[in-house]
Structures are given as C-alpha cells and as structure tokens.
Amino acid sequence: MLSLDRVGKTYPKGVHALGGVTLDVELGEIVAVIGGSGCGKSTLLRAIAGLDPPSEGAVVLDGERITAPHEKIGIIFQEPRLLPWLKVADNVGFGLGNLPKADRAAQIATALRRVGLTDKASVWPRELSGGQAQRVAIARALVPRPEVLLLDEPFSALDAFTRTDLQDHLLDLWADAKPTLILVTHDVDEAIVLADRVMVMRPRPGRIFDEIEVDLPRPRDRQSAAFDFVKRRVLAALDRSLNRAPTGAEGEPKAAAGAALWW
Amino acid sequence: MTLAGDRAKELLSQPATPQNLARLVRPMLGLVLPVTLAVLWELIVRMGWATGRLAPPPSVVFATFVDLARTGELQRHTLVTLWRVGAGFGIGVAAATCIGAAAGYSATVRRLVDPSIQGLRAIPSIAWVPLFILWLGIFEASKVTLIAVGVFFPVYLGLMSAIQSVDRKLVEVGRAFRLTDFAMVRRILMPAVLPAYVISLRSGLGLGWMFVIAAELMGASEGLGYLLIDGQQLGKPAEIVAAIVAFAIVGKVTDWLIVLAASPFLRWEDVVRQD
C-alpha cells in the first residue's frame, strides 16, 4: 500500500507548492489527480516518485519511506523521453538490470507485443509517431514490473483520437499485473475513464480539495448518462476548488450548464 | 568505408529514374566552377596568352605532384606533417576532453578553471610561438605544443557546453531508473554528448592543420609547410601549389576518418520521423 502522510513541499526560494497531502492508495487502485494549473499535482507526483522528495511529511510504500527513486515505482512523463540513441527495443529494456541476454530479449519482446509495436523493435525513436513513442515509454515503465506506476499528464500532448486509444490501451495493460496507477491529468474525461477515485486539488498551497468515487464498471462508456453524471460532479468540484461560480471553463458549455443544474 | 560504400551501392542499384539521376548529379554541380576555371587557365597558358610562370596551369602542378611523389619527397614531408598533427591533436584532445568533461560535469571545477581558459582563449595561439621556442626549442616539441594548444580550445569548449546542454529530462529518466553516477555518464551523458563532441573534434582537427602550417612556415627542415617555403625561396610556384593540394587531401581524409569512426554511433541522428 502507498501512503502519503501530510506530504508538503516548500521550494528553497520559499514557494509553498504543496501543503500537506494525506492519501492512502490500495495496491491495484487507479487514482486520478486533477486540478487547475499550479495546484501542485505534478509536485505531488514527483514527490511520490522520489525525484523531488517532500520537504514535509512522508511518502511510504509497503512500510518503506520513499526519498529517492525506487525500483517498485515507475513513472511516465508527459513526453515519451525515449533515448534517441537507443533502438526502440533497447529503450524498452532500459530499466532491466543485469539479466541473461535471452531473458532480456524475451521480456522486451513481450512488452513490445503488449503495446502492439513488435514491428518497431529495431527502429529509432525518431521514426515513431507521438502515440507510438508514448506507447514505447509505457512499455519501458512496465517492463521492470513496478508496483506503483505514476503518470504525469501522459497523453496530453497527443491528438484526441490517439489519446482515447491510449487510455483504453493503458487499462488493458493495467489489467495484466494490476499495479497501482496514480495519474495526474487536466482532462476530466480521462480521469473518469481510468480512475477508481478522482482527487481534486486546489492551489496555493496545493492540497486535496475533494474526492469523487467513480463507481462505474469497466470498460466505461464515455457517452453514457452515468459517465456524464460523474463528470458533472468532478467539474463542479473543480469550479469550487477555484473559488468561482460554475462557469465551466474546464469543460464544454453543456457540461458547465449541467454542473450549474446539479449544484 | 562501409557507410560510403553502402550509400554508393544503394545509389547505383536504383533504377535510373530522373530523381535518382538528379541525386547523383546534384553533388557534382559543385565541381563545375573549379573544373571550368582550371580548364580555362590551362587553355590560356597553352595558347600562349599567359606564361603561367607564377601561376602554373593544372598540368604543370600535376606533373610536379607526380614528380614529388615518385622521388618519395611528398610522402616523407606528408608523413612528418601528419606525425606532428597527430601528436598535437592527440595531446590537445586528451587534455581538452579531461578538463572539458570535468568542467561540464562539475560546477565547482567550471568556476575554477573556465575563466582562466576563456582568458587564454582570447590570445591568438600563434602569439605563443616565440615563448614556446624559448621554452621548448626550435624542433618538434614547440611545434607539437602549438598544435595541441590550437586543438585544445574548440574541443574543450564543445565538450563542456555539450555536457551542460544535455537534456535534463533524459537525465531524469536515468534518475527514475536509479542509474549510478557511472551508469548515468555511460548510458545517458556520453551518448547525448557524442554528436557535439565529434563536431568539436572536427573543428579542432581543422585548427590543428592550420597551426601545423604556421609552425612549419616558421622554421622546419621537413614537412609540407617546409615544401611551401622551399617553393617560395626557389621560385617554384608549382611546388607550392602541389603542397597546398597535398594539404587539402590529407586534411580532408583525416576529417573523413573522424566522421567514419563516429558514424556507427551517430546513425540515430540521420533518421527522420515518418509521421
């Protein structure tokens, strides 16, 4: 289990980015963190990853305090961040330690097959499209079999079609080993399609403002009434987190009108 | 060898469509101007419109070149010059790589050495010659040192700034996968820096060739630079031009060797996204 205990971050220059986040995430749970810009959601994710350890509080995974990158925690960034001098297969195998060559090749092949890029194994990253590159990044993060996978706006740089495609694909991959997923996003639909729980954060300093359970069976239909219902709740919480009337700047007018009705 | 060979094979094996023909012909366009001028000058001298005594026509230069090669003079002088450039280049690159890597990697080292090196860089390297001759004598040591100094600066600067501009996002990938410092250098920093390093080696080598001429012009009994002076003092312009041609050839070949040696590691740079 992953526990955050009053996790806070104050940067050396005095910026109070994160003001005490407490959160327990069960193994295999998918949690989406959503919020306006500057609400500290990326800071939170980097603290969990051990890339930017918190200045207050603690991140604890299975009883072990996380202060540096940990083998049980993987991360996927907004950009694929593939190493351009390694072929796709070697990028996928980047996180594999010292393994016999055959084991290594087998694991890489399996991972590439799971993301549907077997034919791209010996291609340079630069030859991939944006969506393909992000799939390679997902494969790279999953190959060491992390217990917790962190995703920092992983699909926000992709076009809408590729994005929904990859969201479904991510769920598919998640179903294999069921790691814990913590997803930072600013896309309400994405949060609801993927997550068991949506945490809404508010800024200055960043903290959790509201928590919305998404109790819909998977796969989730983005067009269903139940989906829309949850979406209105999330949008309304977002509006309140920014201390404003539900104008719906975060969503399309229809949704904002719905949010106004709901509250 | 393989790279250029493959490219040529690939070009030749393709059907002779107009596009392929254009790809073969286009690089040749650059030859039109020099070849035309050479032929023109040859004709002018042949017709007796000019004596070509101070500006020998291509045929005379070629004959001189062949003569020098037949007697072994050309090879001897070229080898001496090559040895000097090789030694100076080796020493300069070794020093620049060590200091440049340290200064790029550690801010403390950079603050310590970079201002001094930047100060020294402002001095035209030829200005050191009298001092080097006083310190090291007029023979090989002072020449090799001058070349090493010339090679040092571009390589140092290129490597240091390349290390500093390595994409922090890729370094973070290394951190997320818990690379040790050594693994970070080997698996992230070195490959990331290589393209810029190769470019700096090439410009360093170019300067090495420039400084070997300077060193040999100022006093040498052998070397291609000596051939230049010899040609001047004995009034043999064809010998000067032949030496210049020899410089051009060995300069280009050594540059090409660097490119060739690096190409297996830089193949990823040539590809383009096929979206």
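This is a predicted model: local features need pLDDT of at least 70, side-chain atom pairs count only at pLDDT 80 or more; totals for chains, interfaces and linings use all residues.
## Nonpolar surface patch

The patch covers about 1,000 Å² of surface and consists of Leu21(B), Leu24(B), Val25(B), Met28(B), Leu31(B), Val35(B), Val39(B), Leu43(B), Met47(B) and Trp49(B). H3(B) gives the most, with four residues.

Val39(B) is located in helix H3 of chain B. Val39(B) is classed as partly exposed because its relative accessibility is 45%, a value between the limits of 20% and 50%.

## Largest pocket

The largest pocket has a volume of about 660 Å³. Its lining comprises 24 residues, and those closest to the pocket centre are Trp85(A), Leu86(A), Arg186(B), Arg187(B) and Pro191(B). Helix H10 (residues 181-217) of chain B provides the largest share of this lining, six residues. By residue class, the lining of the largest pocket contains 15 nonpolar, three polar and six charged residues.

## Second largest pocket

For the second largest pocket, the volume is about 340 Å³. It is lined by 14 residues, of which Ala111(A), Leu142(A), Val143(A), Arg145(A) and Asp176(A) are the closest to its centre. At least two lining residues come from each of helix H3 (101-114), helix H4 (130-142) and helix H5 (160-177) of chain A. The largest share, four residues, belongs to H3(A). Nine nonpolar, two polar and three charged residues make up the lining of the second largest pocket.

## Salt bridges

Over all chains, the count comes to 26 salt bridges. One of them joins Lys72(A) and Asp62(A), with the closest N and O atoms 3.3 Å apart. This pair links distant parts of the chain, 10 residues apart: Lys72(A) lies in the loop between strand E5 (64-65) and strand E6 (73-76) of chain A, and Asp62(A) in the loop between strand E4 (56-61) and E5 of chain A. Lys72(A) is partly exposed at 29% relative accessible area, and Asp62(A) is partly exposed at 36%.

Arg114(A) and Asp172(A) form another salt bridge, at 4.0 Å from N to O. Here helix H3 of chain A, which holds Arg114(A), is linked to helix H5 of chain A, which holds Asp172(A), across 58 residues. In chain B, Glu73(B) pairs with Arg76(B) at a closest N to O distance of 3.3 Å. These two residues are separated by about one helical turn because they stand three residues apart in helix H5 (residues 73-105) of chain B. Glu73(B) is partly exposed, with a relative accessible area of 29%, as is Arg76(B), with 35%. Elsewhere, salt bridges with shared partners connect Arg46(A), Asp52(A), Glu79(A), Arg81(A), Lys169(B) and Glu172(B) in one network.

Conventions: Residues are numbered from 1 along each chain as its sequence is written. Chains are lettered from A and ligands numbered from 1 in the order in which they are written. Side-chain values use heavy atoms; hydrogens and water are left out. On a 1 Å grid over the protein atoms alone, a cavity is a set of points where a 1.4 Å probe fits but cannot get out, and a pocket is an open set with protein on both sides within 12 Å along at least five of seven lines; lining residues have an atom within 4 Å of a point. Grid points are joined across faces, edges and corners, and a volume is the space filled by probe spheres set on the points. Ala, Val, Leu, Ile, Met, Phe, Trp, Tyr, Cys and Pro count as nonpolar, Asp, Glu, Lys and Arg as charged, and the others, Gly among them, as polar. Patches are made of residues with over 30% relative accessible area and no salt bridge: like charges are joined within 9 Å, nonpolar side chains (Val, Leu, Ile, Met, Phe, Trp, Tyr) within 5 Å. Accessible areas come from the Shrake-Rupley method with a 1.4 Å probe; for residues, only the protein chains shown count as cover. A salt bridge is a side-chain nitrogen of Lys or Arg within 4 Å of a carboxyl oxygen of Asp or Glu. Buried means under 20% relative accessible area, exposed over 50%, partly exposed in between (1.4 Å probe, protein chains only).
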